[in-house]
Amino acid sequence: MIIGQDHDQVIQNIKDAAASRDFSRKVEVNDPDLSTEEKAALMDRFLQRRYTLGYSLCNLTARVITWFGTWGMNIHTRIEGKENIAGYKGGAVITSNHFGPFDNSIVRKAIYRAFHQRIYIVSQVANLGMTGLVGFLMNYCDIIPIMGGSRYLNDFFAPTIKDMLMEGDKILIYPEEEMWFNYRKPRPPKRGAYYYAAANSVPVLSCFVEIKTRKQKETDEFYKTKYVLHILPLIYPDPDLQVRENSSRMMEIDYKQKKEAYEKAYGRPLTYDYEPGDVAGWIPEDKQEH
């Protein structure tokens, strides 16, 4: 689903960021640009209403919308590698490449099918400031907001993650951090997702989404796309290692698995020099019909 405008600028931003090897750079041009005080106010508001009846009702509504949206948007989505999680029971940190505002629906479909569970998603607190339907879902659909600051991380975020993982929940954390629209390549991850898996002695449920271009156009700028979710082998923490060592080890294994999945899916080695087709479905301006 194509959302927003200025895709020419977004794709140029992706090219520039890849060229400078800045893989967690923000490339979207219309994301909320909030001050530290505004982010803190959004977080305080979220925490204050989190256990209210109104929040519960909105959460139920958001989950119903998401349920139908998940199946509607993923009619053509194929899931491979289900054997890699067969028989697993317990909490897990899910990692996947981040290329669209609704790419979490692909992971949701797999988790619904494999575990009959919903998933929780870690998201930057600034996303709570979005408006419209996307803003409603960001505020109410099983989102765990994150922001900097030791007080918040230590008093709310880390204990919440721990409790949920111990209860057997599945939590999606994007280790690439920022969304790069329709970008096919897995980007080098940040360590945070793996830290929480290692600290809580749960595995990383490693995923990679392959993006296929369809023949039908969605807009003048893009062809429609469909997806193949590759569920890769679970990555367990080593009980003989400290958390920091474990998290680095798990991060390296996850990146290696995603790299191999990319190379197998697309039949070419992973490099970060920009190549035609890196942004799935994109129709260059000189080939667009006006």
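The model is predicted, so local features need pLDDT of at least 70, side-chain atom pairs count only at pLDDT 80 or more, and totals for chains, interfaces and linings use all residues. Residues are numbered from 1 along each chain as its sequence is written, and side-chain values use heavy atoms, with hydrogens and water left out. The whole structure holds 19 aromatic pairs and 12 salt bridges.

**Aromatic pairs**

- Rings of Phe, Tyr and Trp (its six-membered ring) pair if their centres lie within 6.5 Å; planes under 30 degrees apart count as stacked, over 60 as edge-to-face and the rest as tilted.
- Y55 and Y140 form a tilted pair, because their planes stand at 50°, with ring centres 5.4 Å apart.
- This pair links distant parts of the chain: Y55 sits in helix α3 (residues 53-73) and Y140 in helix α5 (residues 132-140), 85 residues apart. Helices (H or I, at least four residues) and strands (E, at least two) are DSSP runs, numbered from the N terminus.
- Y55 and Y140 are both buried. Buried means under 20% relative accessible area, exposed over 50%, and partly exposed in between (1.4 Å probe, protein chains only).
- F208 and Y262 are edge-to-face, because their planes stand at 85°; the ring centres are 6.4 Å apart.
- F208 belongs to strand β6 (residues 204-217) and Y262 to helix α8 (residues 243-266), so this pair ties together parts 54 residues apart in sequence.
- F208 is buried at 0% relative accessibility. Y262 is buried at 0% relative accessibility too.
- One aromatic cluster is formed by Y152, F156, F157, Y195 and Y196.

**Charge over a ring**

- K170 lies over the face of F115, 4.3 Å from the ring centre. The criterion is NZ of Lys or CZ of Arg within 6 Å of the ring centre and within 35 degrees of the ring normal.

**Salt bridges**

- A salt bridge is a side-chain nitrogen of Lys or Arg within 4 Å of a carboxyl oxygen of Asp or Glu.
- R118 bridges to D142, with the closest N and O atoms 3.0 Å apart.
- R118 is partly exposed at 28% relative accessibility, whereas D142 is buried at 5%.
- R187 and E176 meet in a salt bridge (3.0 Å, N to O). Both R187 and E176 are buried.
- Salt bridges with shared partners join K185, R268, E275 and D278 into one network.
- R25 bridges to D22, with the closest N and O atoms 3.2 Å apart.

**Around E176**

- E176 lies in the loop between β5 (170-172) and α7 (192-199).
- Leaving aside neighbours within four places in sequence, E176 is in contact (heavy atoms within 4.5 Å) with F23, S24, N97, H98, K185, P186 and R187.

**Positive phi**

- Most residues other than glycine have a negative phi.
- H116, not a glycine, has a positive phi of about 55°. H116 lies in the loop between α4 (104-115) and β3 (119-124) and is exposed at 70% relative accessibility.
- E177 has a positive phi near 70°. E177 lies in the loop between β5 and α7 and is partly exposed at 41% relative accessibility.
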